[in-house]
Amino acid sequence: MSTPPLAVPPPTRPDADPMEHGFLEDLVAGGVRLTPAQGLRLLEAMPIQELGRWADARCRVLHGDAIRTYVIDRNINYTNVCSAKCTFCAFRRDGDEHDAYTLEYEDLLAKIAELEAIGGTQILMQGGMNPALPLQWYLDLLALIRERHPSVHVHAFSPPEFIEFVNFFDPPGENLRAKIHWVMVRLKEAGLHSVPGGGGEIFAPAVRRKIGLGKCTAEAWLTVMRVAHELGMNTSATMMFGHIEDWADRIRHLALLRSVQRESGGFTEFVPLSFVHEEAPLFREQMLRDEGVVVPPGPGESQRVRLYALARLMLGRD
């Protein structure tokens, strides 16, 4: 079940120094919200061990000291053929390469059977945006999963896939939101349970245009999530970091996720994804060298810890 948004959000104190002990105690207790500027100050000025302690304290206020939960699931990429040309991606294929693939239904169902054999209960199913697959392919697939594996939770099809469903199939509707709704209702009726947050990357438009060629805008991504929440489906949220974005871009990304969560309460988790650099054209070919941008080899350990800590302090039931 989704967590409903709070009727009255905790106040912000934009003039307060977030480094002050009293402010941090109030933040951990849920009595105040961090502004983006305050979040940036914590990242820049607070020692990493101290930032981690405050984040851990916030987690314990929300979830207690003893219980943490998990599910056993399996990631299934049903195709690597993709119309987008993201510069960070080494997975995508145009469709005519020797290693381009789209799984047959029976192969995909066999992977689900293997999951169930070890006690798994959920699949995370995503793929490239393959223009050769009609909407009926997805509807039939979901119906087969429901028939053969009725107890498996289907967490599938990220927002960029939904936007491409709209672009490929041109469903009825007066605007993008209505078209997404039309597609999502049919997928839900066929057996879709929840929507993963893949394709969030980073919401900053200037960065997104450089790394997500052919991928949906941040506003379109957020619109898909709003529609899913309206239909009673929970979703996850992601951010890919450690490439050409800066800390301000990361904080703005968190703030936008928080604003949607305040509306709906439909996000169940935030998934920070470190940029995997080794085979990414963006890094390997240093594609932005002419612009004076050096692409780093992903985030360092301290960057990861700081981001996880800040997410715990900015997100949640605030």
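This is a predicted model: local features need pLDDT of at least 70, side-chain atom pairs count only at pLDDT 80 or more; totals for chains, interfaces and linings use all residues.
1. Numbering starts from 1 along each chain as its sequence is written, and side-chain values use heavy atoms, without hydrogens or water.

2. Staying with this pair, α7 spans residues 176-190 and α9 residues 218-230 (helices are DSSP runs of H or I of at least four residues, strands are E runs of at least two, numbered from the N terminus). Their axes, lines fitted to C-alpha atoms over the stretch in contact, lie 10 Å apart at an angle of about 50°. The two helices are therefore oblique to each other (under 35 degrees is roughly parallel, over 145 roughly antiparallel, 65 to 115 roughly perpendicular, and the rest, on a scale from 0 to 180 between N-to-C directions, oblique).

3. Which residues of α7 meet α9? From α7 come L176, R177, I180, H181 and M184, and they face A220, T223, V224, R226, V227, A228 and E230 of α9, where contact means heavy atoms within 4.5 Å. By class, this contact holds 7 nonpolar, 2 polar and 3 charged residues (Ala, Val, Leu, Ile, Met, Phe, Trp, Tyr, Cys and Pro are nonpolar, Asp, Glu, Lys and Arg charged, the others, including Gly, polar).

4. Helix α7 has another partner in α6 (residues 159-169), at about 105° and with 10 Å between the axes. These two are therefore roughly perpendicular to each other. On the α6 side, F162, I163, F165 and V166 take part, and on the α7 side L176, K179, I180, V183, M184 and L187. The classes here are 9 nonpolar, no polar and 1 charged.

5. P134 sits in the loop that joins β2 (122-126) to α5 (135-148). With a relative accessible area of 43%, P134 is partly exposed (buried is under 20%, exposed over 50%, partly exposed in between, for a 1.4 Å probe and protein chains only).

6. Helix α5 itself packs with α4 (residues 105-117) at about 40°, with axes 11 Å apart, and this pair is therefore oblique. The crossing of α4 and α5 is right-handed. Y105, E106, L108, L109 and I112 of α4 make the contact with Q136, W137, D140, L141, L144, I145 and R148 of α5. That gives 8 nonpolar, 1 polar and 3 charged residues.

7. Helix α1 (residues 21-29) buries F23, L24, L27 and V28. Viewed down the axis of α1, these fall within an arc of 135°, so they line one face of the helix (the arc is taken from the directions from the helix axis to the C-beta atoms). Their packing partners are α2 (36-45), α3 (48-63) and α12 (301-314). G30 follows α1, with a positive phi near 90°.

8. Lastly, R284 belongs to helix α11 (residues 281-284) and is partly exposed, at 43% relative accessible area. Beyond its neighbours within four places in sequence, R284 touches E278 and E279. L310 is 26 residues from R284 in sequence and 30 Å away, C-alpha to C-alpha.

Key
A crossing is left-handed if the near helix is turned anticlockwise from the far one by less than a right angle, and right-handed if clockwise.
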